[in-house]
Amino acid sequence: MKRGAGLFWGIMLIVIGLSIVFKGFLGVSILRIVIAVAFILIGIKIMAGKSAMNFSSKDKDVIFSDRQFKEFPTENIEYNTVFGKSVFDFSEAAIPTDKAIDLEFNTIFGDSVIILPAALPVKVKAEAIFGAAKLPNDNTAVFGSASYISDDSAVSEFVNIKVNTVFGNTEIIHKRPEF
């Protein structure tokens, strides 16, 4: 029965997406075409099932799925979350302290949570368009940008984090030191 429901909703989403695309070629806005393509891809994903078709192209990309990351990167890296949910729980990870690291987190039509350990000195620059990026100091970027710098003034090397959120939600949690 579940396969029948998945097949039905998959076909429905494909039909809705194709109808929007056909209307799009007759003078409708680009945004409708993007939404139509999203409906088509979601419909194909539902029909094919989660294990039959994997949209994720790289180990650090999360596309149409959910994933949790626990290991802190040792070099500059870019993470992408598209139509999915990512949880980056670095609270218990070993943190390299010998060099500055640049991390970039892109969330598009998805949800990302980034949990940083208390001892990690960070500089965060967040930009959001039609989405929200919540920083540890309760600043929020909705249309525009916001920034956060941890209060480790004695540290010369920071982890530089850039957050880009479009039609999604990103939350950064910087753990407080326990006394």
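Me: Is Lys70 buried or exposed in this predicted model?
Reply: The model is predicted. Exposed means over 50% relative accessible area. Lys70 has 51% relative accessibility, so Lys70 counts as exposed.

Me: Which residue forms a salt bridge with Lys70?
Reply: The closest N and O atoms of the pair are 3.5 Å apart. The bridge links distant parts of the chain, 19 residues apart. Lys70 sits in the loop between strand 2 and strand 3, and the partner sits in strand 4. That partner is Asp89.

Me: Is Asp89 buried or exposed?
Reply: Buried means under 20% relative accessible area. Asp89 has 16% relative accessibility, so Asp89 counts as buried.

Me: What is the bridge partner of Asp111 in strand 12?
Reply: Strand 6 (residues 111–116) pairs with strand 12 (residues 169–174) in the parallel sense, over six bridges. Leu116 has His174 as its bridge partner in strand 12. For Asp111, the partner is Asn169.

Me: How many of the six residues of strand 6 are buried?
Reply: In the open sheet, the strand order is 2-4-6-12-8-9. The edge strands are strand 2 and strand 9. Strand 6 is largely enclosed by the rest of the structure, because its buried residues number five.

Methods: Residues numbered from 1 in each chain as written. Predicted model: local features only at pLDDT ≥ 70, side-chain atom pairs only at ≥ 80, totals over all residues. Heavy atoms only, no water. Pairing = 2+ DSSP bridges. Helix = DSSP H or I, 4+ residues; strand = E, 2+ residues; numbered from the N terminus. Buried < 20%, exposed > 50% of the residue type's maximum accessible area, 1.4 Å probe, protein only. Salt bridge = Lys/Arg side-chain N within 4 Å of Asp/Glu carboxyl O.
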